[in-house]
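Please consult the sequence and the structure alongside the text.

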Amino acid sequence: MSKGTALARNLTILSGLSLVTLHVLNRLETTDACSETRSSSREDKEYAWRYGTIRYKVKGYDSPILLLHDLNIGSNKYEYNLIYESLSKNHRVYVPDLLGYGESDKHPMTYSASVYKDMLADFIKNMIKTKTKVIATGSAAPIIIDLAYSNPKLIDSIVMINPLGLYDQNLIPSTETRILKVLMDVPIIGTYMYNLRAKKTNIENLFKTRYLFDPDSMNAEVLDKTIAEYYRAAHVGGLHAKYSYSSYISQYMTCSVLNDLRHLDNSMLIIGGEHEPDIKDNIENYTYYNAAIESTIIPGTAHLPHVEKPGEVLDALEVFFS
C-alpha cells in the first residue's frame, strides 16, 4: 500500500469517527433537553395544517385572543405562561407553537414570513372562526401586521410587544446568510453547529443579557422553569429542531410592513420594555407611519416584559382592550 493510499484511508477513518462522535453528541444533547416526560391536559389541542401539525393551548370563553411567541431560538408558547391564565378569565385565549417551534411539527424546510402568514390565516379561519385580537412579540409582530392588512376580516385589535424595528424588517436573505443556512441544514455537522447555540447555558445567557433587565428580581423557580422550557423547546424534534432557527437567522422570516401600517385602521398598541435597545426609536418610527398606534413602556424590563413583570403588562392590556 502506498503512503498516499494509507494517508487517504486514515483520513477517511478519522473523518468517519469524527462524524460518529458529533452524531452521538447531538443525540445526547436532545436526550438531555427532552428527558422530562409530558402529560397533556384538556387545554392541549392540535390543528392539522397542510404543512404539519400545530399544537396549541386554549382556555376561557368570550372574545378570542391569539398569543404569538417570538421567533428566536427556543421560542415557544410558554413565553405567555405568566399571563395566559389571567387573560383566559375574560377571553378565550389561543396560544400556539408556530410551525417549527416548541411542540409543533418541525420539518426540514425553509420557514418564511409567508408560511406563517398562511398558517395564521388558516388557524384563525378554521379554529378560532371569528375575528380575533392578537398579541405578538418581536419578529412575529410584522407578520400579524401583514396579515391584518391582507385579511382585514380576521384581525381585530393588535398588541405588539417590542416589535421588530422597521429597518430590520427590510433585511432579506443575502449570499452570506444563505450560505449560513445551507451549512446549518447539513446533517450532523449543521446539527452540531445548531446545538452549540442551543445549549442550556446559551439559553440562560439570552434571558440574563437580552430578554430580562433584572433576572435576579424574578422568582428563581419561575425563571428556572422558563429557561428549562425554552431549552426543551429548542430540541424537541431532534435533528429537525434546527430548521426554523436556520431560517430565522438567515432573514427568511422578515417582511416589510411600511405600506401596511399606513393603511391599517385596527386599534394597535406597542408595549415596550424600558431597557429594550432602540425601543423609543422603534415606537417613533411605527407611529410615524400610523399616528393612531398607542404605546406604553414597562419600567425595569427588557425584551420580555410579560415574563419579567406580567402584572404590569396585564394592567396595560386591560386598559387597552377595554
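The model is predicted. Its protein chain holds 14 helices and eight strands, and 52% of its 322 residues are buried.

**Overall architecture**

- The volume of the second largest pocket is about 410 Å³.
- Its lining comprises 21 residues, and those nearest the centre of the pocket are Ser139, Leu164, Asp168, Arg210 and Tyr248.
- At least two lining residues come from each of helix 10 (243-249) and helix 12 (279-289).
- Eight of the lining residues of the second largest pocket are nonpolar, eight are polar and five are charged.

**Enclosed cavities**

- The model contains two cavities of 30 Å³ or more.
- The largest cavity has a volume of about 60 Å³, and 14 residues line it.
- Nearest the centre of the largest cavity lie Gly74, Tyr101, Tyr194, Ala241 and Ser244.
- Seven nonpolar, six polar and one charged residues make up the lining of the largest cavity.
- The second largest cavity has a volume of about 40 Å³, and of its 10 lining residues Thr191, Tyr194, Asn195, Gly238 and Ala241 are the closest to its centre.
- Helix 7 (residues 189-197) gives the most to the lining of the second largest cavity, supplying three residues.
- By class, four residues in the lining of the second largest cavity are nonpolar, five are polar and one is charged.

**Aspartate 105 and its surroundings**

- Aspartate 105 is located in the loop that runs between strand 4 (92-96) and helix 3 (113-128).
- Although aspartate 105 and glycine 52 are 53 residues apart along the chain, their C-alpha atoms are separated by 5.5 Å.
- Leaving aside residues up to four places away in sequence, aspartate 105 touches Gly52, Thr53, Arg55, Leu99, Gly100 and Tyr111.
- With arginine 55, one of these residues, aspartate 105 makes a polar contact between side chains at 3.1 Å.

Methods: Residues numbered from 1 in each chain as written. Predicted model: local features only at pLDDT ≥ 70, side-chain atom pairs only at ≥ 80, totals over all residues. Heavy atoms only, no water. Helix = DSSP H or I, 4+ residues; strand = E, 2+ residues; numbered from the N terminus. Buried < 20%, exposed > 50% of the residue type's maximum accessible area, 1.4 Å probe, protein only. 1 Å grid on protein atoms, 1.4 Å probe; cavity = no way out; pocket = protein on both sides within 12 Å on 5 of 7 lines; lining within 4 Å. Points joined across faces, edges and corners; volume = space filled by probe spheres on them. Nonpolar A, V, L, I, M, F, W, Y, C, P; charged D, E, K, R; others polar. Contact = heavy atoms within 4.5 Å. Polar contact = N/O pair within 3.5 Å; in protein donor to acceptor, adjacent residues only side chain to side chain.
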